[in-house]
Structures are given as structure tokens and as C-alpha cells.
Amino acid sequence: MLDIGEQLIQDARLQIDEAQKEPFFELNRILEALKQHNLFPALEWAKRNRERLQQQSSALEFKLHRLHFIELLKGGPARQMEALLYSRNFEPFAYRHAKEIQTLMGSLLYVQQGVHNSPYLHLLDPIHWLDICDVFTRDACQLLGLSVESPLSVAFAAGCISLPSLLNINHVMKQRQCTNVWNQKDELPIEIDLGGETRYHSIFACPILRQQTTETNPPVRLVCGHVISRDALNKLNTNNKVKCPYCPMEQNAVDARPVQF
């Protein structure tokens, strides 16, 4: 994917400093190492960013240590002592992950007979490697202020979903000779459901006017706590007095405060 990105930069004639690219190169190297079952680059990265990861309640570092511990368990009795010594790395996470740590420590009792023949067989599930790749990608992107999904791929997928409906409505409009109905650049002639996975921001529709709020008509919170649109507030305003259509509590229109979703 990196070579595609580089080609896109060249084709678009963009000038991007190498220092700006390096965080993405590093994340790509770490992700490739995880796919090869190499945890150490990710562990080093997580340790360097421990404070920031903790601020976003990330469990990444603990999951990396847990996975390394499990890999030691797979080594059998020969690596049992090494696994026991490595468990010291769980100490900073004992408060948040006590039950998981207890499970990991309990699995040490079955190393001699084989963890695969114990109640802890689920620890050996290969899905943990897929999970750690997803967790790392999500937390690293959040740390960089990025979306986990590529904006380009999301826009492309949304276009593919929308295109059949747009072609159909375009055909109907031409047949009925009403192409001038679609005369606004910022809206579609029909509503197209793109699915929940493409809903990145909350949408508020005014319960009074039954219209979606916009930048020019934002949602506002009344003193009583109910939220309506600015246009609805203006319609309800009589001599700077507003009676809430739900309570109904009488209040001053100037006391309404904008709401950010």
C-alpha cells in the first residue's frame, strides 16, 4: 500500500516532507512485524507512547505482553520459568486486567501436561494475532488523529453503493423531463442509506420542523434541556419569550445555547 501512496503523491505533484511520512512508515513496519508474529517492535512503540495510550484507555500494551506470555507457554516446560519471570511485566496492568492476569497465571499449572489439553486451550487460539493487529491499527491511528479506515476507500465504497440509485433516478428524471429538480449542489435528489459503518458523525433532526440541522441552522439547547433547531427557536420566539413545546416551560430565547454533536 505504501508504494501506491507514493505513486499517488507523485501523480498529484504533492510536496510532503519525509518527517511527515515517517510515523506512517513506522506503523507499517510494526504492523508487518506483527503479521510475522514479531511483537518486539510493537512493544517498544507501546512503551514509548505509554502515557498517551493510557490517556485514551488503551489496552494495547497489556495485550502485547499477554500474547508474548502465551507464546512462551507454547514452548512447554522448557520455557515455563521464562514465562513466570516474564509475568512481572503484568504488574502495571494488574488493576485494570486482574481477571485476565489470573487466567494467564493459572495456565502455568498446566504447562507440564500441555496447555492444549487444559481448560486454557482458548489462550492458544490464532485469532489473538489477528486481534492484536486490529487493536494496534486502531490505537495507533487514534494516537495520530486519523481514521482507521482510509478516507479514499470509504469515499469509493460509498460511491459504489450510491451509483445504482443515482443512475436510476437520473433515468427517471430524464423520462419525466424534470432534470431541473436536482438544482442544489450540496444534496441528493433521494436519500441513500449507506449503512451504519459509514456514519461517522451524529445527525440531529429538529423534532419541531422535522428538518436536519445545518451550520446555518444549528441545534440549540433550551434551559429546560430540550433541543430544537435555531429556526424552530425563532418561530417559537414571541417578544423574546419561548414556551418549550415539550415541558412546556417558559424561558428567554437568548438563554438557548448551541449544541455540538
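Tutor: Thr 213 is found in the loop between α9 (151-175) and β1 (219-221); helices (H or I, at least four residues) and strands (E, at least two) are DSSP runs, numbered from the N terminus. This is a predicted model, in which local features need pLDDT of at least 70 and side-chain atom pairs count only at pLDDT 80 or more, while totals for chains, interfaces and linings use all residues. Residues are numbered from 1 along each chain as its sequence is written, and side-chain values use heavy atoms, with hydrogens and water left out.

Student: What makes Thr 213 count as buried?

Tutor: Buried means under 20% relative accessible area, exposed over 50%, and partly exposed in between (1.4 Å probe, protein chains only). Thr 213 has 14% relative accessibility, so it counts as buried. Leaving aside neighbours within four places in sequence, Thr 213 is in contact (heavy atoms within 4.5 Å) with Phe 204, Pro 218, Pro 219 and Ser 229.

Student: Why is Arg 52 called partly exposed?

Tutor: Arg 52 lies in helix α4 (residues 50-55). Its relative accessibility is 43%, so Arg 52 counts as partly exposed.

Student: Which label does Cys 206 get, buried or exposed?

Tutor: Cys 206 is at 2% relative accessibility and therefore counts as buried. Cys 160, at 44%, counts as partly exposed.

Student: How do you know that Cys 206 is too far from the closest cysteine sulfur for a bond?

Tutor: A disulfide is a pair of cysteine sulfur atoms within 2.5 Å. The closest cysteine sulfur to that of Cys 206 is in Cys 244, 11 Å away, so the two are too far apart for a bond. By this rule the count comes to zero disulfides.

Student: Why is α2 called roughly antiparallel to α8?

Tutor: The axes of helix α2 (residues 18-35) and helix α8 (residues 127-143) come within 9 Å and cross at roughly 170°. Axes are lines fitted to C-alpha atoms, for helices over the stretch in contact, and angles run from 0 to 180 degrees between N-to-C directions. Angles under 35 degrees count as roughly parallel, over 145 as roughly antiparallel, 65 to 115 as roughly perpendicular and the rest as oblique. The crossing angle therefore makes α2 roughly antiparallel to α8.

Student: What makes α2 oblique to α3?

Tutor: The axes of α2 and helix α3 (residues 40-48) come within 8 Å and cross at roughly 135°. That angle is why α2 is oblique to α3. Residues making the contact include Leu 27 and Ile 30 of α2 and Trp 45 of α3.
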